[in-house]
Amino acid sequence: MVLGLSCFLAFFYAKPQGVTASPEYIMELTSNWTGERFEDGRPKVSDALLQRMKNIQIEEAWGFLRRKGYNNQYEGEWEIIHPERAMTGRVVTAQYMPLRPDYQQLVKLKGAQEKRDTIGGSNSWPIQQLVPGDVYVADGYGRIIDGTLIGSNLGNAIYTNSKNGVIFDGGVRDVAGLLDIEGFNGWHKGADPSYLQEEMLTSINMPIRIGRATVLPGDVVLANRHGTVFIPSHLASELVLSSEIVGLRDLFGFQRLREKKYTAGQIDTKWTEEINTDFENWLKEYPDSKLPMSRKELNDYMASKKQ
(Lines give C-alpha, C1' and ligand atoms only; values in the text may rest on other atoms or scores of the structure.)
Protein backbone atom coordinates (compact mmCIF):
# COMPACT_ATOMS: atom_id res chain seq x y z
CA MET A 1 0.00 0.00 0.00
CA VAL A 2 2.83 2.42 0.93
CA LEU A 3 4.70 1.56 -2.27
CA GLY A 4 1.57 2.13 -4.34
CA LEU A 5 0.95 5.50 -2.68
CA SER A 6 4.59 6.52 -3.24
CA CYS A 7 4.38 5.64 -6.94
CA PHE A 8 1.11 7.56 -7.26
CA LEU A 9 2.58 10.67 -5.58
CA ALA A 10 5.75 10.48 -7.70
CA PHE A 11 3.60 10.32 -10.83
CA PHE A 12 1.30 13.11 -9.61
CA TYR A 13 4.12 15.52 -8.77
CA ALA A 14 6.47 14.56 -11.62
CA LYS A 15 7.32 17.48 -13.88
CA PRO A 16 6.21 16.71 -17.45
CA GLN A 17 9.00 16.34 -19.97
CA GLY A 18 9.16 19.14 -22.53
CA VAL A 19 10.97 19.47 -25.83
CA THR A 20 13.79 21.37 -24.15
CA ALA A 21 15.85 20.12 -21.23
CA SER A 22 15.25 22.02 -18.01
CA PRO A 23 18.07 24.10 -16.50
CA GLU A 24 18.09 21.71 -13.55
CA TYR A 25 18.69 18.71 -15.80
CA ILE A 26 21.47 20.49 -17.71
CA MET A 27 23.09 21.36 -14.39
CA GLU A 28 22.97 17.68 -13.42
CA LEU A 29 24.52 16.68 -16.74
CA THR A 30 27.34 19.20 -16.25
CA SER A 31 27.74 18.96 -12.49
CA ASN A 32 31.55 19.02 -12.68
CA TRP A 33 31.42 22.61 -13.91
CA THR A 34 31.81 25.09 -11.04
CA GLY A 35 31.73 28.40 -12.89
CA GLU A 36 29.10 30.79 -14.21
CA ARG A 37 26.08 29.46 -16.13
CA PHE A 38 23.54 30.72 -18.64
CA GLU A 39 19.88 30.95 -17.70
CA ASP A 40 19.24 27.65 -19.52
CA GLY A 41 21.72 25.93 -17.19
CA ARG A 42 24.61 25.52 -19.65
CA PRO A 43 28.15 26.28 -18.45
CA LYS A 44 29.34 29.73 -19.53
CA VAL A 45 32.86 29.00 -20.74
CA SER A 46 34.53 32.37 -21.38
CA ASP A 47 34.83 33.96 -24.81
CA ALA A 48 38.56 34.47 -24.20
CA LEU A 49 39.07 30.74 -23.67
CA LEU A 50 37.06 29.92 -26.81
CA GLN A 51 39.31 32.24 -28.80
CA ARG A 52 42.47 30.60 -27.45
CA MET A 53 41.08 27.16 -28.26
CA LYS A 54 41.02 27.97 -31.99
CA ASN A 55 44.81 27.54 -32.04
CA ILE A 56 44.75 24.05 -30.48
CA GLN A 57 45.38 21.08 -32.76
CA ILE A 58 42.70 18.41 -33.02
CA GLU A 59 45.22 15.67 -32.18
CA GLU A 60 46.35 17.48 -29.05
CA ALA A 61 42.77 17.98 -27.84
CA TRP A 62 41.93 14.36 -28.64
CA GLY A 63 45.00 13.09 -26.80
CA PHE A 64 44.27 15.19 -23.72
CA LEU A 65 40.70 13.85 -23.52
CA ARG A 66 41.87 10.26 -23.98
CA ARG A 67 44.26 10.67 -21.06
CA LYS A 68 41.28 11.83 -18.99
CA GLY A 69 39.25 8.76 -19.98
CA TYR A 70 37.04 10.47 -22.58
CA ASN A 71 37.53 8.16 -25.54
CA ASN A 72 34.46 9.01 -27.63
CA GLN A 73 34.60 12.75 -28.28
CA TYR A 74 35.83 12.95 -31.91
CA GLU A 75 34.00 12.82 -35.22
CA GLY A 76 35.51 13.25 -38.70
CA GLU A 77 34.68 12.88 -42.40
CA TRP A 78 32.89 16.21 -42.72
CA GLU A 79 32.07 18.52 -45.57
CA ILE A 80 32.97 22.03 -44.45
CA ILE A 81 31.63 25.31 -45.78
CA HIS A 82 34.87 27.21 -45.07
CA PRO A 83 37.54 24.56 -44.40
CA GLU A 84 40.28 27.17 -43.99
CA ARG A 85 38.65 28.47 -40.78
CA ALA A 86 38.53 26.97 -37.30
CA MET A 87 35.42 27.30 -35.12
CA THR A 88 34.93 27.01 -31.38
CA GLY A 89 31.84 27.56 -29.26
CA ARG A 90 29.46 26.40 -26.56
CA VAL A 91 27.17 23.62 -27.73
CA VAL A 92 23.40 23.82 -28.06
CA THR A 93 22.15 20.35 -29.04
CA ALA A 94 19.16 19.20 -31.07
CA GLN A 95 18.02 15.72 -32.00
CA TYR A 96 16.10 14.77 -35.13
CA MET A 97 14.46 11.42 -35.90
CA PRO A 98 12.53 9.86 -38.80
CA LEU A 99 9.00 11.24 -38.87
CA ARG A 100 6.36 9.44 -36.80
CA PRO A 101 2.99 11.27 -36.81
CA ASP A 102 1.86 10.54 -33.24
CA TYR A 103 5.24 11.50 -31.80
CA GLN A 104 5.40 14.62 -33.97
CA GLN A 105 2.00 15.68 -32.67
CA LEU A 106 3.24 15.37 -29.09
CA VAL A 107 6.34 17.44 -29.93
CA LYS A 108 4.13 20.14 -31.41
CA LEU A 109 1.93 20.09 -28.30
CA LYS A 110 4.93 20.35 -25.99
CA GLY A 111 6.36 23.10 -28.17
CA ALA A 112 3.14 25.06 -27.88
CA GLN A 113 3.30 24.70 -24.08
CA GLU A 114 6.81 26.18 -24.27
CA LYS A 115 5.38 28.98 -26.48
CA ARG A 116 7.49 27.89 -29.46
CA ASP A 117 4.61 27.51 -31.90
CA THR A 118 4.69 31.25 -32.66
CA ILE A 119 8.28 31.23 -33.97
CA GLY A 120 7.87 28.97 -37.01
CA GLY A 121 8.51 25.34 -37.81
CA SER A 122 10.17 23.10 -35.25
CA ASN A 123 13.47 23.14 -37.17
CA SER A 124 13.72 26.82 -36.22
CA TRP A 125 13.16 26.22 -32.49
CA PRO A 126 16.78 25.41 -31.57
CA ILE A 127 17.90 28.60 -33.33
CA GLN A 128 15.94 30.68 -30.83
CA GLN A 129 18.07 29.15 -28.05
CA LEU A 130 21.33 30.49 -29.47
CA VAL A 131 23.33 33.33 -27.96
CA PRO A 132 26.67 34.76 -29.14
CA GLY A 133 29.43 32.17 -28.87
CA ASP A 134 27.11 29.17 -29.27
CA VAL A 135 27.38 26.44 -31.90
CA TYR A 136 24.23 24.65 -33.06
CA VAL A 137 25.00 20.89 -33.00
CA ALA A 138 22.33 18.55 -34.39
CA ASP A 139 21.98 14.78 -34.64
CA GLY A 140 20.31 14.23 -38.00
CA TYR A 141 21.36 10.53 -38.00
CA GLY A 142 23.43 11.12 -41.15
CA ARG A 143 20.45 11.80 -43.40
CA ILE A 144 21.12 14.03 -46.41
CA ILE A 145 18.28 13.58 -48.92
CA ASP A 146 15.15 15.07 -47.30
CA GLY A 147 17.30 15.64 -44.21
CA THR A 148 18.58 19.15 -44.95
CA LEU A 149 18.37 20.85 -41.57
CA ILE A 150 19.03 24.39 -42.84
CA GLY A 151 19.27 26.51 -45.95
CA SER A 152 20.40 30.10 -46.34
CA ASN A 153 17.40 31.60 -44.49
CA LEU A 154 17.95 29.59 -41.30
CA GLY A 155 21.70 29.95 -41.76
CA ASN A 156 21.33 33.72 -41.57
CA ALA A 157 19.18 33.38 -38.45
CA ILE A 158 21.76 31.11 -36.83
CA TYR A 159 24.57 33.57 -37.50
CA THR A 160 22.49 36.53 -36.32
CA ASN A 161 21.91 34.85 -32.94
CA SER A 162 25.20 33.05 -32.38
CA LYS A 163 27.79 34.87 -34.53
CA ASN A 164 28.99 31.33 -35.20
CA GLY A 165 27.91 28.25 -37.15
CA VAL A 166 26.68 24.67 -37.11
CA ILE A 167 27.78 21.05 -36.86
CA PHE A 168 25.19 18.71 -38.37
CA ASP A 169 25.24 14.93 -38.62
CA GLY A 170 22.91 15.47 -41.53
CA GLY A 171 22.51 17.58 -44.64
CA VAL A 172 22.19 21.22 -45.68
CA ARG A 173 20.72 22.92 -48.73
CA ASP A 174 21.54 26.12 -50.63
CA VAL A 175 25.28 25.92 -50.03
CA ALA A 176 25.82 28.90 -52.34
CA GLY A 177 23.65 31.00 -50.03
CA LEU A 178 25.41 29.69 -46.92
CA LEU A 179 28.78 30.59 -48.43
CA ASP A 180 27.61 34.19 -48.74
CA ILE A 181 26.89 34.59 -44.99
CA GLU A 182 29.95 36.45 -43.77
CA GLY A 183 31.40 34.84 -40.64
CA PHE A 184 29.20 31.74 -40.82
CA ASN A 185 30.67 28.24 -41.00
CA GLY A 186 29.32 24.72 -40.99
CA TRP A 187 30.37 21.08 -40.73
CA HIS A 188 27.85 18.71 -42.33
CA LYS A 189 27.60 15.30 -43.99
CA GLY A 190 26.43 16.46 -47.41
CA ALA A 191 24.32 18.89 -49.41
CA ASP A 192 21.09 18.30 -51.31
CA PRO A 193 18.44 20.56 -52.90
CA SER A 194 15.61 18.72 -51.12
CA TYR A 195 13.68 20.18 -48.19
CA LEU A 196 13.47 18.75 -44.70
CA GLN A 197 10.68 16.18 -44.74
CA GLU A 198 9.96 12.77 -43.24
CA GLU A 199 12.15 13.94 -40.37
CA MET A 200 11.26 15.71 -37.12
CA LEU A 201 12.82 17.54 -34.22
CA THR A 202 12.46 15.57 -30.98
CA SER A 203 14.52 17.43 -28.35
CA ILE A 204 16.67 20.46 -27.60
CA ASN A 205 19.63 20.52 -25.19
CA MET A 206 19.49 16.83 -24.42
CA PRO A 207 22.49 14.47 -24.79
CA ILE A 208 22.97 13.43 -28.42
CA ARG A 209 25.26 11.30 -30.54
CA ILE A 210 27.28 12.84 -33.36
CA GLY A 211 28.84 9.94 -35.25
CA ARG A 212 31.40 8.48 -32.87
CA ALA A 213 30.93 11.15 -30.22
CA THR A 214 28.62 11.67 -27.25
CA VAL A 215 27.73 15.35 -26.94
CA LEU A 216 26.16 17.20 -24.01
CA PRO A 217 24.65 20.69 -24.00
CA GLY A 218 27.30 23.10 -22.77
CA ASP A 219 30.22 21.11 -24.18
CA VAL A 220 32.84 23.17 -25.98
CA VAL A 221 33.45 22.20 -29.59
CA LEU A 222 36.73 22.59 -31.45
CA ALA A 223 36.18 22.22 -35.20
CA ASN A 224 38.61 22.64 -38.07
CA ARG A 225 39.53 20.96 -41.35
CA HIS A 226 40.78 17.90 -39.44
CA GLY A 227 37.52 17.11 -37.63
CA THR A 228 35.51 18.01 -34.55
CA VAL A 229 36.22 17.38 -30.86
CA PHE A 230 33.53 17.86 -28.20
CA ILE A 231 35.10 18.88 -24.89
CA PRO A 232 33.39 18.63 -21.48
CA SER A 233 33.10 22.17 -20.14
CA HIS A 234 34.94 21.42 -16.90
CA LEU A 235 37.99 20.25 -18.85
CA ALA A 236 38.12 23.10 -21.39
CA SER A 237 40.45 25.42 -19.47
CA GLU A 238 42.92 22.69 -18.51
CA LEU A 239 42.91 21.33 -22.07
CA VAL A 240 43.74 24.72 -23.56
CA LEU A 241 46.53 25.50 -21.11
CA SER A 242 48.03 22.01 -21.36
CA SER A 243 47.96 22.16 -25.16
CA GLU A 244 49.53 25.63 -25.18
CA ILE A 245 52.39 24.32 -23.01
CA VAL A 246 52.91 21.51 -25.53
CA GLY A 247 53.09 24.14 -28.26
CA LEU A 248 55.77 26.04 -26.34
CA ARG A 249 57.72 22.82 -25.79
CA ASP A 250 57.61 22.24 -29.53
CA LEU A 251 58.93 25.75 -30.26
CA PHE A 252 61.75 25.21 -27.76
CA GLY A 253 62.61 21.82 -29.24
CA PHE A 254 62.62 23.12 -32.82
CA GLN A 255 64.90 26.00 -31.83
CA ARG A 256 67.36 23.78 -30.00
CA LEU A 257 67.43 21.35 -32.94
CA ARG A 258 68.26 24.18 -35.35
CA GLU A 259 70.98 25.29 -32.96
CA LYS A 260 72.25 21.66 -32.86
CA LYS A 261 72.31 21.80 -29.08
CA TYR A 262 70.40 18.50 -28.83
CA THR A 263 69.81 15.61 -31.19
CA ALA A 264 66.39 14.66 -32.56
CA GLY A 265 66.53 11.54 -30.42
CA GLN A 266 67.03 13.60 -27.27
CA ILE A 267 64.12 15.93 -28.06
CA ASP A 268 61.78 13.18 -29.26
CA THR A 269 62.00 11.06 -26.10
CA LYS A 270 61.48 11.79 -22.41
CA TRP A 271 63.57 14.83 -21.60
CA THR A 272 66.51 14.66 -19.24
CA GLU A 273 66.74 16.92 -16.21
CA GLU A 274 69.22 19.06 -18.18
CA ILE A 275 66.74 19.64 -21.03
CA ASN A 276 63.87 20.34 -18.66
CA THR A 277 65.94 22.96 -16.83
CA ASP A 278 66.95 24.48 -20.16
CA PHE A 279 63.28 24.66 -21.16
CA GLU A 280 62.32 26.37 -17.89
CA ASN A 281 65.05 28.96 -18.38
CA TRP A 282 63.96 29.43 -22.01
CA LEU A 283 60.40 30.10 -20.82
CA LYS A 284 61.62 32.81 -18.42
CA GLU A 285 63.16 34.67 -21.35
CA TYR A 286 60.21 34.14 -23.70
CA PRO A 287 58.41 37.47 -24.40
CA ASP A 288 55.13 37.91 -22.53
CA SER A 289 53.59 39.40 -25.68
CA LYS A 290 54.07 36.10 -27.52
CA LEU A 291 52.72 33.84 -24.79
CA PRO A 292 49.29 32.31 -25.57
CA MET A 293 48.46 32.42 -21.84
CA SER A 294 49.21 34.91 -19.06
CA ARG A 295 52.58 34.74 -17.33
CA LYS A 296 50.78 33.86 -14.09
CA GLU A 297 48.97 30.93 -15.73
CA LEU A 298 52.29 29.69 -17.09
CA ASN A 299 54.11 30.02 -13.77
CA ASP A 300 51.29 28.33 -11.84
CA TYR A 301 51.20 25.47 -14.32
CA MET A 302 54.97 24.91 -14.19
CA ALA A 303 54.93 25.05 -10.37
CA SER A 304 52.13 22.49 -10.21
CA LYS A 305 54.19 20.05 -12.27
CA LYS A 306 56.97 20.19 -9.71
CA GLN A 307 54.74 19.18 -6.81
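Begin by selecting Arg256, which you will find in helix H9 (residues 236–258); helices here are DSSP runs of H or I with at least four residues, strands are runs of E with at least two, and both are numbered from the N terminus. The model in your viewer is a predicted one, in which local features need pLDDT of at least 70 and side-chain atom pairs count only at pLDDT 80 or more, while totals for chains, interfaces and linings use all residues. Residues are numbered from 1 along each chain as its sequence is written, and side-chain values use heavy atoms, with hydrogens and water left out.

Is Arg256 buried or exposed? Arg256 has a relative accessible area of 10%, and therefore counts as buried, a word that stands for under 20%, whereas exposed stands for over 50% and partly exposed for the range in between (1.4 Å probe, protein chains only). Now show the partners of Arg256: apart from neighbours within four places in sequence, Arg256 is in contact with Lys261, Tyr262, Asp278 and Trp282, where contact means heavy atoms within 4.5 Å.

Next, select strand S3 (residues 87–98) together with strand S4 (residues 134–148), which pair in the parallel sense over six bridges; two strands pair if DSSP finds at least two bridges between them. Within this pair, look for Gln95, which stands opposite Asp139 in S4.

Follow the chain from S4 through helix H7 (residues 152–162) to S5, and you trace a right-handed β-α-β crossover, right-handed meaning that, with the strands pointing away from you, the path from the first strand over the helix to the second runs clockwise.

Move on to Tyr103 in helix H5 (residues 101–113). Tyr103 is partly exposed, with a relative accessible area of 31%. Together with Leu106 and Leu109, Tyr103 makes a nonpolar surface patch of about 250 Å²; such patches are made of residues with over 30% relative accessible area and no salt bridge, nonpolar side chains (Val, Leu, Ile, Met, Phe, Trp, Tyr) being joined within 5 Å and like charges within 9 Å. A salt bridge is a side-chain nitrogen of Lys or Arg within 4 Å of a carboxyl oxygen of Asp or Glu.

Finally, show the whole chain, which has 12 helices and 12 strands. Of its 307 residues, 48% count as buried, and its C-alpha atoms fill a box of roughly 70 × 60 × 30 Å along the principal axes.

How values were computed:
Areas by Shrake-Rupley, 256 points an atom, 1.4 Å probe, with all protein chains shown as cover.
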